[in-house]
Amino acid sequence: MTFFVDVADPIPFAGAAAPEGGLAYQVYDPNRLVLGKRMEDHLRIGVCYWHSFNWPGSDVFGVGAFDRPWLEAGPDPMAAARAEQDAAFEFFAKLGTPYFSFHDVDMAPEGETLKQSRANLEAMVERAAQKMAETGVPGLCGL
């Protein structure tokens, strides 16, 4: 399933010539040399899994405002977690970010027991490794 159908894959660097109404990086050029190193080597850009995919967009003024269908886990929380992970890796790949971070259990739903919770997390971390290989997103940093 594709979640971000209106976003080019991946978002390009276009500098000041960024297209009107389109998405492009205007300043960040991963290949630009800065003090003898590529910009990508100076700026280790990543996406935070929780903030981008688990937060419903709520604040003190009301309920969540983001369209996050996977947050409605329904009868199969692991299916929802897999949908969330699919959306996350599609997002990482389209942004062209080499890294992502997550808190200890962002990727997996809590189980009824500690053993089930651990099994859920292990399954989702293994799946994340597969998604990294599929999308070319090379790294992660667990928080």
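These are my entries, in the order I looked things up.

**Entry 1, the source.** I noted at the outset that this is a predicted model.

I looked up the largest nonpolar core and found 19 residues in it. Tyr49, Phe53, Phe89, Phe92, Phe100, Met107 and Met124 touch the most other members. I then checked which elements supply at least two residues each: they are helix H2 (49-54), helix H3 (77-95), strand E4 (99-102) and helix H4 (114-135). Which of them gives the most to this core? It is H3, with 7 residues.

I turned to H3 and H4, whose axes come within 10 Å and cross at roughly 30 degrees. Angles under 35 degrees count as roughly parallel, so I wrote H3 down as roughly parallel to H4. The crossing is right-handed. On the H3 side I listed Met78, Ala81, Arg82, Gln85, Asp86, Phe89 and Ala93 as making the contact. From H4 come Asn120, Ala123, Met124, Arg127, Ala128, Lys131, Met132 and Thr135. Sorted by type, these residues are 8 nonpolar, 3 polar and 4 charged.

I set aside neighbours within four places in sequence and found Phe89 in contact with Phe100, Ala128, Lys131, Met132, Thr135 and Val137.

I found Thr97 in the loop between H3 and E4. Is Thr97 buried or exposed? Its relative accessibility is 5%, so Thr97 counts as buried. With neighbours within four places in sequence left aside, its contacts are Ile45, Gly46, Val47, Phe92 and Val137.

Notes. Residues numbered from 1 in each chain as written. Predicted model: local features only at pLDDT ≥ 70, side-chain atom pairs only at ≥ 80, totals over all residues. Heavy atoms only, no water. Core = buried A, V, L, I, M, F, W, Y, C linked by side-chain atoms within 4.5 Å. Buried < 20%, exposed > 50% of the residue type's maximum accessible area, 1.4 Å probe, protein only. Helix = DSSP H or I, 4+ residues; strand = E, 2+ residues; numbered from the N terminus. Contact = heavy atoms within 4.5 Å. Axes fitted to C-alpha atoms, helices over the stretch in contact; angles between N-to-C directions. Parallel < 35°, antiparallel > 145°, perpendicular 65-115°, else oblique. Left-handed = near helix turned anticlockwise from the far one by under 90°. Nonpolar A, V, L, I, M, F, W, Y, C, P; charged D, E, K, R; others polar.
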